[in-house]
Structure formats: structure tokens, C-alpha cells
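Here is a report on one protein chain. Read it alongside the sequence and the 3D view.

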Amino acid sequence: GHHAGMSMDDMARDMRNRFLVAALLSIPILLWSPIGREVIGFEAAAPFGLRDDVFSLLLSLPVIFYSAWIFFDGAYRALRARTLDMMVLVAVAVGAGWLYSLVITLTGGGEVFYEAATVLTAFVLLGHWFEMRARGGANDAIRALLELAPPRAVVIRGGQPVEVPTAEVVTGDLLLIRPGSKIPVDGVVEDGESEVDESMVTGESLPVHKATGS
């Protein structure tokens with residue numbers, strides 16, 4: 001898709017930029033819309049002597065062809081794969097409102113819905129931006145946990161302790177965990193007992209007692 005090959009931070013930044021463009025342009029579009037005129041009571045004339053709908057059309061172009069383009073691209077890919085997802089739903093809603101308004105504007109003017117298309121785009125992008133930030137935070141937490149694993153582990157092989165890279169530990173290996181050492185992998189205690197600090201995994205501040213079979 002559009003975000004293929006991008007890091008989570010880059011995707012969040014891209015969503016933020018798209019949202020900001022949509023949100024900032026939605027404000028004047030809303031003011032010079034029927035809602036702005038009739039509900040808010042905004043009375044200023046559109047700049048350069050333009051009709052309200054023509055001015056709103058010009059302001060909506062960056063929103064449709066930059067901010068909302070990710071939805072049209074995603075909808076195209078989904079339809080090619082013969083699936084219907086949220087991208088299709090948003091693309092239809094935004095595209096239908098904008099295209100209808102475009103036709104009305106080009107044929108002499110009337111009631112248009114540029115503000116609906118741009119505000120919807122801004123709200124959906126805001127949700128995507130928050131989602132990307134949350135996913136990025138979760139990925140950072142998982143990465144931090146993985147970095148806590150010691151680079152080497154002591155494995156009992158042939159009755160003797162052998163130090164090997166943690167990546168080479170395989171299922172069925174018997175590990176020797178010395179007092180104060182970090183535990184490199186998940187496992188079951190075969191012999192002995194001790195207190196284990198699991199706070200980074202469970203959030204429990206007190207050490208947890210581990211014995212044979214746990």
C-alpha cells in the first residue's frame with residue numbers, strides 16, 4: 001500500500017501531515033459553506049469576488065488530492081483484491097460528496113458539500129494518526145523488552161555448562177541461571193528455586209518465587 005516500506009514513525013508523521021492539511025483547510029471551507037452562513041452566521045464575502053462554492057472548491061483540492069488520496073489508493077487496492085474495507089467506505093463517502101459538489105459548482109452553483117468531504121477526511125485521518133502513534137508506542141515497548149534479553153546464555157551440554165549466543169538456544173536446551181543473572185528465554189524450572197524480578201513483563205514490583213515446575 002501507500003505506506004509500504006515506511007517505519008511506524010514515518011507512517012505516523014505522514015498521517016499527521018495529511019490531517020493537518022485537511023483540518024486547516026476545513027476551517028475556511030466550513031465558514032464559507034451553507035453551514036457557516038446559515039448556522040454560524042458567517043457573513044464575509046469570499047476573496048477575489050469568487051462565489052462561495054468556487055472558493056471552497058479551490059480550498060478542497062489539496063484535501064482531496066493529498067490528504068484523502070490515501071483512502072482512494074487504499075480503496076482501489078481493496079477493490080482489485082475483491083474486498084470491501086474501511087478505505088472503500090471512506091473513499092465512497094468523501095468522493096461522492098466532493099464529486100457531486102464539483103458538478104453543481106461547474107453547472108452554475110447550488111447547495112454543495114465540500115465541508116462534509118473535507119471534515120470527514122480530517123476526522124478519519126485524526127483517528128489513523130492516533131492509531132499509528134499507539135502502534136508505534138507498542139512496538140517501542142516490545143523492542144525495549146527484547147533488548148533486555150542477555151546476548152549470551154549458559155547451556156548444559158554433555159553435562160558441562162557452555163556459553164552460547166542467546167539466538168542459538170533451541171527448544172529442549174537445559175539452561176543454567178546463576179544468581180543475579182538475567183533469564184535469556186522462556187522456560188520451565190527443572191531444578192532449584194529462586195526469586196525472579198518480572199516487573200518489566202508483568203508490572204509486578206515484588207519478585208516472584210519460582211520453583212521446580214514453574
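## Leu 176 and its surroundings

Leu 176 touches Val 154, Ile 156 and Pro 161, leaving aside residues up to four places away in sequence. The model is predicted. Leu 176 sits in the loop between β3 (174-175) and β4 (194-196).

Is Leu 176 buried, exposed or partly exposed? Its relative accessibility is 33%, so Leu 176 counts as partly exposed. The category runs between the cut-offs of 20% and 50%. Asp 191 is 15 residues from Leu 176 along the chain, and their C-alpha atoms are separated by 9.8 Å.

## Overall make-up

The protein chain has seven helices and five strands. Read from the N terminus, the order is α-α-α-α-α-α-β-β-β-β-α-β.

The protein chain has 214 residues, and 31% of them count as buried.

## Helix α3

Helix α3 covers residues 52-67. It has 16 residues. From first C-alpha to last, α3 reaches 22 Å, close to the 22 Å expected at 1.5 Å a residue. Where is the kink in α3? It lies at Ser 60, shortly before the proline Pro 62, and comes to about 35°.

Several residues of α3 are buried. The list is Asp 53, Phe 55, Ser 56, Leu 57, Leu 59, Ser 60, Val 63, Ile 64 and Ser 67.

## Packing of α3 with α5

Two packed helices are described by the angle between their axes and the distance between the axes. For α3 and α5 (residues 86-106), the axes come within 11 Å and cross at roughly 150°. The crossing is left-handed.

Which residues make the contact? From α3 come Asp 53, Val 54, Leu 57, Ser 60, Leu 61, Ile 64 and Phe 65. From α5 come Val 94, Trp 98, Leu 102 and Thr 105. By class, the contact has eight nonpolar, two polar and one charged residues. Asp 53 is the charged residue, because Asp, Glu, Lys and Arg count as charged.

## His 128 in α6

His 128 is found in helix α6 (residues 114-148). Is His 128 buried or exposed? Its relative accessibility is 11%, so His 128 counts as buried. The cut-off for buried is under 20%.

Leaving aside residues up to four places away in sequence, His 128 touches Met 15, Phe 71, Met 86 and Met 87. Met 86 and Met 87 of this set fall within the residue range of α5, 86-106.

## Positive phi in two loops

Phe 48 is not a glycine, yet its phi is positive, at about 60°. Phe 48 lies in the loop between α2 (34-40) and α3. With a relative accessible area of 78%, Phe 48 is exposed.

Arg 82 also has a positive phi of about 60° and is not a glycine. Its place is the loop between α4 (69-80) and α5. Why does Arg 82 count as exposed? Its relative accessible area is 80%, and the cut-off for exposed is over 50%.

Definitions and conventions:
Residues numbered from 1 in each chain as written. Predicted model: local features only at pLDDT ≥ 70, side-chain atom pairs only at ≥ 80, totals over all residues. Heavy atoms only, no water. Axes fitted to C-alpha atoms, helices over the stretch in contact; angles between N-to-C directions. Helix = DSSP H or I, 4+ residues; strand = E, 2+ residues; numbered from the N terminus. Left-handed = near helix turned anticlockwise from the far one by under 90°. Contact = heavy atoms within 4.5 Å. Buried < 20%, exposed > 50% of the residue type's maximum accessible area, 1.4 Å probe, protein only. Expected span 1.5 Å × (residues − 1). Bend = angle between axes of the 7 residues up to and from the residue.
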